[in-house]
Amino acid sequence: MKLMPFASTLAILLLAACSQAPSNDDATTHGSAATADNMAMSATEHAQMADREKPASPERAKNASAAGTVESVDIAAGKITIAHGPVEALHWPAMTMGFTASPELIAPVEVGQKVQFDFEARGMTARITRIAPAQ
Ligand SMILES: [Cu+2]
């Protein structure tokens with residue numbers, strides 16, 4: 001397969017273009033089908049490379065669970081503030097922070113309530129996907 005070294009080289013060129021301001025467009029002079037294939041490969045490899053370079057990449061959602069006490073709830077705005085314990089999966093210390101959530105999810109929640117919840121975090125933004133009274 002003579003295509004493989006070529007494909008790898010193109011993927012590397014595309015990766016370079018991803019992380020730097022493009023200085024020329026040599027990589028775009030090839031067939032559109034081949035370019036599409038290599039874009040897919042590039043996206044995967046780029047994501048892996050980003051993981052190695054930035055373990056806490058803000059674009060990548062990570063699911064985690066925590067327990068805490070509800071400090072405030074704004075149902076209409078879909079916001080809830082929780083004083084939560086440490087989140088080992090994300091290397092987060094205990095803290096008080098705001099989460100986003102769908103209004104339906106947090107409608108039954110009351111200030112002062114102890115809750116357990118699941119959320120997905122992107123950098124410092126976190127969205128609650130499940131919340132229930134702590135047992
Ligand atoms: Cu937090």
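**Figure 1. Contacts and elements across the whole predicted model.** Among contacts between residues at least 6 apart in sequence, 51% join residues at least 24 apart. The model is predicted, and the protein averages a pLDDT of 74. A pLDDT of at least 70 is reached by 56% of the residues. The protein has three helices and five strands. Read from the N terminus on, these elements follow the order α-α-β-β-β-α-β-β. Of the 135 residues in the protein, 17% are buried.

**Figure 2. Residues 7-54, where pLDDT stays under 50.** For residues 7-54 the model has 24 contacts beyond four places in sequence. Where pLDDT is low, predicted coordinates should not be read in detail.

**Figure 3. Strand β1 beside strand β4.** Strand β1 covers residues 62-74, and strand β4 covers residues 114-122. The two strands run antiparallel and are joined by eight bridges. One place to look is Ala 67, which stands opposite Gln 116 in β4. In a regular strand, side chains alternate between the two faces of the sheet.

**Figure 4. Strand β1 beside strand β2.** Strand β1 also pairs with strand β2, which spans residues 79-84. This pairing is antiparallel and has six bridges. Thr 69 has Ala 83 in β2 as its bridge partner. Together β1 and β2 form a hairpin, with four residues between the two strands. Gly 78, in the turn, has a positive phi of about 70°.

**Figure 5. Ala 77 in the loop between β1 and β2.** Is Ala 77 buried or exposed? Ala 77 is exposed, because 12 other C-beta atoms lie within 10 Å, and a residue counts as exposed if that number is 12 or fewer. The view also takes in Ala 101, which is 24 residues away from Ala 77 along the chain. The C-alpha atoms of Ala 77 and Ala 101 are separated by 8.7 Å.

**Figure 6. Asp 74 in strand β1.** Asp 74 has 13 other C-beta atoms within 10 Å, so this residue is partly exposed. How many residues along the chain lie between the positions of Asp 74 and Thr 100, and what separates their C-alpha atoms? Asp 74 and Thr 100 are 26 residues apart along the chain, and their C-alpha atoms are separated by 9.6 Å.

Key: Residues numbered from 1 in each chain as written. Predicted model: local features only at pLDDT ≥ 70, side-chain atom pairs only at ≥ 80, totals over all residues. pLDDT = per-residue confidence, 0-100. Contact = placed C-beta atoms within 7 Å. Pairing = 2+ DSSP bridges. Buried ≥ 20, exposed ≤ 12 C-beta atoms within 10 Å, placed from the backbone.
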